[in-house]
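Dear colleague,

Please find the structure below, handed over for your reference.

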Amino acid sequence: MSDELKSSTPQKPNTEPTSSRSTVPMWIIVLTLVLMFLSMVYFDHHSGWFNSQVYGPYASAEELESYQPKSGEAAMLAHGKARYDQVCGLCHGINGEGKPGQAPPLAGSEWVITKGFERVAHIPLEGLSGQLTVKGQTWSLSMPAMGAAMSDADLADVLTYIRNSWGNKGAPVTAAAVKAIRAKIGAHPQPLSSDTLKALPE
Amino acid sequence: MKTGFRVFLAALLALGSSWCGFVLGPVLQLGAEKQTTILNSSDLYPVGRPGEANQGLQVYRANGCAACHTEQVQQSGVECEVVLTGAGKNPAAVTNVISALKLNGLNIDAANSAVDKITAAGGKAEIHITATGPDITRGWGRRHSVAEDFLYDDPVQLGSLRIGPDLADVGTRQADANWQLRHLYAPRSVTTDSAMPPFRYLFQIQKIGDQPSADALSLPKEFAPPAGYEVVPTPQAQELVAYLLSLHANVPLHDAPFTQPLAVSKP
């Protein structure tokens, strides 16, 4: 009993007991912050970096993109039509018939029903200005690069739709081919003219 | 006032960080949400509700429907199925390739490689994408709910308890307005063992006049009013049902893809 009392008595009875300021070792604080950072990165990574399009079972925008139903020519044409009606149809007409004073026809146009699709793919990616003869009629208009902002898959679907509708017939255009053409054009597209367009491979 | 300034700073930090997390973050993420197009179509989604259905949302809110019903379909996974659409010139080769392949319950990479193999053998195949999960199995929807679904809801009635079924797609599931009205008046007249309370105050029991009312509910004997009386829905009940019938979340979107049969083109 007397021992206990003795031990609980402060060594210096006149000073207030104090505690040191560094009770938590620095390495624990650093480790906690590092772990918090890593878990936040993990969380972000698995929620698509807060992309508003990414939900639930999909972990990233790329994964979501891969699940977009795009197989099958029917689906490709349907999607192509949707984009065409929104973007191209205003001037070229919903049925590809063209509009006087606005844009030449696409149905039966010799620039569209070429053997390959390289030439026609350049037009929406680079734009077109100056005179152009379509089905015996000369048009003097300019078209902005309407397809430059579309994704490769979208533009491929639109081109496939244009080349396979209203009596046109052509091989389907793939997204990879559009990507290759886009890469060839580079970052600064110049509007094409009739001559530069003719110089391109079909 | 050294401590006062510190308290101010601490409060600013605490409130400011939670404001960033709860207000700024969601606004940056979803604040600019707008109509989008349905996959493989040029139709916009969602279209606004008609006025009656919009009032019905307020009836839904006033009656606390969200206490027992959710409006959010969950999805736990996604599955692909490879569907043969053409056998090509050499059906035997295609058959050989197919017999060695697994064709359903695939992920997208496996499905793509299966399609490549079939194409290499001369056949044609498509990938059908299906959402999976308990909610989808129950038939509560065909895909998970996304932010666009709630674009015109003010306030959004997400709900968190599922004493009753999810209602995100109820307009597709049960499109019969009379069924919905009967269900509101006497849930057990259409669903045995329903746990839903009857919402009889949304209806009026009145004496049949010269002619029975066109809106009168046709109820089974057990639930029918005494002879000479009829049950007529009030405007609130009509609005609520209009709202329920306007709840559709059944179209594929970019953020919730699935394959559905190509829509029949409009005339």
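**Helix packing, cores and chain contact**

In this predicted model, helix 7 (residues 177-185) of chain B packs against helix 9 (residues 235-245) of chain B at an angle of about 125 degrees, and their axes are 10 Å apart. Axes are lines fitted to C-alpha atoms, for helices over the stretch in contact, and angles run from 0 to 180 degrees between N-to-C directions. Helices (H or I, at least four residues) and strands (E, at least two) are DSSP runs, numbered from the N terminus. Helix 7 of chain B and helix 9 of chain B are therefore oblique to each other; angles under 35 degrees count as roughly parallel, over 145 as roughly antiparallel, 65 to 115 as roughly perpendicular and the rest as oblique.

From helix 7 of chain B, Ala177(B), Gln180(B), Leu181(B) and Leu184(B) meet Ala237(B), Leu240(B), Val241(B), Leu244(B) and Leu245(B) of helix 9 of chain B (contact: C-beta atoms, placed from the backbone, within 7 Å). By class, this contact of helix 7 with helix 9 of chain B has 8 nonpolar, 1 polar and no charged residues (Ala, Val, Leu, Ile, Met, Phe, Trp, Tyr, Cys and Pro count as nonpolar, Asp, Glu, Lys and Arg as charged, and the others, Gly among them, as polar).

Helix 9 of chain B also packs with helix 2 (residues 51-62) of chain B, at an angle of about 105 degrees and with axes 7 Å apart. That makes helix 2 of chain B roughly perpendicular to helix 9 of chain B. Their contact has 7 nonpolar, 4 polar and 2 charged residues.

The largest nonpolar core has 27 residues, and Tyr185(B), Ala237(B), Leu240(B), Val241(B), Tyr243(B) and Leu244(B) have the most contacts inside it. Such a core is a set of buried Ala, Val, Leu, Ile, Met, Phe, Trp, Tyr and Cys residues joined through C-beta atoms within 7 Å (buried: 20 or more other C-beta atoms within 10 Å of its own). The largest share of this core, 7 residues, comes from helix 9 of chain B.

Between the chains, the contact takes 27 residues from chain B and 20 residues from chain A.

Residues are numbered from 1 along each chain as its sequence is written, while chains are lettered from A and ligands numbered from 1 in the order in which they are written. As this is a predicted model, local features need pLDDT of at least 70, side-chain atom pairs count only at pLDDT 80 or more, and totals for chains, interfaces and linings use all residues.

Yours sincerely

Definitions and conventions. Two residues are in contact if their C-beta atoms, placed from the backbone, lie within 7 Å. A residue is buried if 20 or more other C-beta atoms lie within 10 Å of its own, exposed if 12 or fewer, and partly exposed in between; C-beta atoms are placed from the backbone.
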